[in-house]
Amino acid sequence: MTHSTKQRLIDTGLSMLLKQGYNNLGIQALLTATGTPKGSFYHHFADKEDFALEVIDAYIAQVHAGLGVCLGDKELTPLARVRRFFEQTQQSYQKDGYMGCLLGGLGQELSGVSEVFRRKIEWCFSAIADALATCLEEARQRGEISTACDVRQMANLLVDCWEGAALRSRLRRNPESLNAMLDFYIRSVATA
């Protein structure tokens, strides 16, 4: 079980990282926002990098929980489950003011300067694509998508396209890019 102070720092840090990015996040601002003494921060985290990596872990755990719920819903067809996951993700973006994906934002900011962040974020995207590929394989077996499709490639493309649409959504502060991308993708892969 995560200590309540640590969890409060992670929750607030997630929001601050989405809005400000890594380089603009000041530890003092985080401490002030959470009412946490400096010593408590360093009790839970070695440094700012360690903190941000734990925030990423918390974020990806939320993403995987959403993937599990949506992709595991056998009441829906596999493609409907994929759509549902991304629609729920889009609702989360809306709630956050269309700040987009934490992984995408940090990936753009840090992947060129930090191998640790580059590897961590790439692993997260790959794990999302793996879960999507499993569902797309079920769609392929059920005839929802062409049997000639490479589901791994399709899953990676979906993650790539979504991240680009998330950036455009952040720039525009609306869901149009996300909705258009998802509609186009589902229409393009569906057999009927």
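At what angle do the axes of helix H7 and helix H8 cross?

1. This is a predicted model, in which local features need pLDDT of at least 70 and side-chain atom pairs count only at pLDDT 80 or more, while totals for chains, interfaces and linings use all residues. Residues are numbered from 1 along each chain as its sequence is written, and side-chain values use heavy atoms, with hydrogens and water left out.

2. The axes of helix H7 (residues 115–141) and helix H8 (residues 151–172) cross at roughly 125° and come within 8 Å. Helices here are DSSP runs (H or I, at least four residues), numbered from the N terminus. Axes are lines fitted to C-alpha atoms over the stretch in contact, and angles run from 0 to 180 degrees between N-to-C directions. H7 and H8 are therefore oblique to each other; angles under 35 degrees count as roughly parallel, over 145 as roughly antiparallel, 65 to 115 as roughly perpendicular and the rest as oblique.

3. On the side of H7, the contact (heavy atoms within 4.5 Å) involves residues including Phe125, Ile128, Leu132 and Leu136. H8 contributes, among others, Val151, Met154, Leu158 and Val159. Sorted by class, the contact of H7 with H8 has 11 nonpolar, one polar and five charged residues. In this scheme Ala, Val, Leu, Ile, Met, Phe, Trp, Tyr, Cys and Pro count as nonpolar, Asp, Glu, Lys and Arg as charged, and the others, Gly among them, as polar.

4. Eight aromatic pairs are found in a search of the whole structure. Rings of Phe, Tyr and Trp (its six-membered ring) pair if their centres lie within 6.5 Å; planes under 30 degrees apart count as stacked, over 60 as edge-to-face and the rest as tilted. Phe45 and Phe51 form an edge-to-face pair, because their ring centres are 5.0 Å apart and their planes stand at 85°. Both Phe45 and Phe51 are buried, where buried means under 20% relative accessible area, exposed over 50% and partly exposed in between (1.4 Å probe, protein chains only). Together with Phe41 and Tyr42, Phe45 and Phe51 form one aromatic cluster.

5. Tyr93 and Trp162 make a tilted pair, because their ring centres are 6.1 Å apart and their planes are at 35°. Tyr93 lies in helix H5 (residues 78–95) and Trp162 in helix H8, so the pair ties together parts that are 69 residues apart in sequence. Tyr93 is buried at 3% relative accessibility, and Trp162 is buried with a relative accessible area of 3%.

6. Ala80 also belongs to helix H5. Ala80 counts as partly exposed, at 29% relative accessibility.

Methods: Helices (H or I, at least four residues) and strands (E, at least two) are DSSP runs, numbered from the N terminus.
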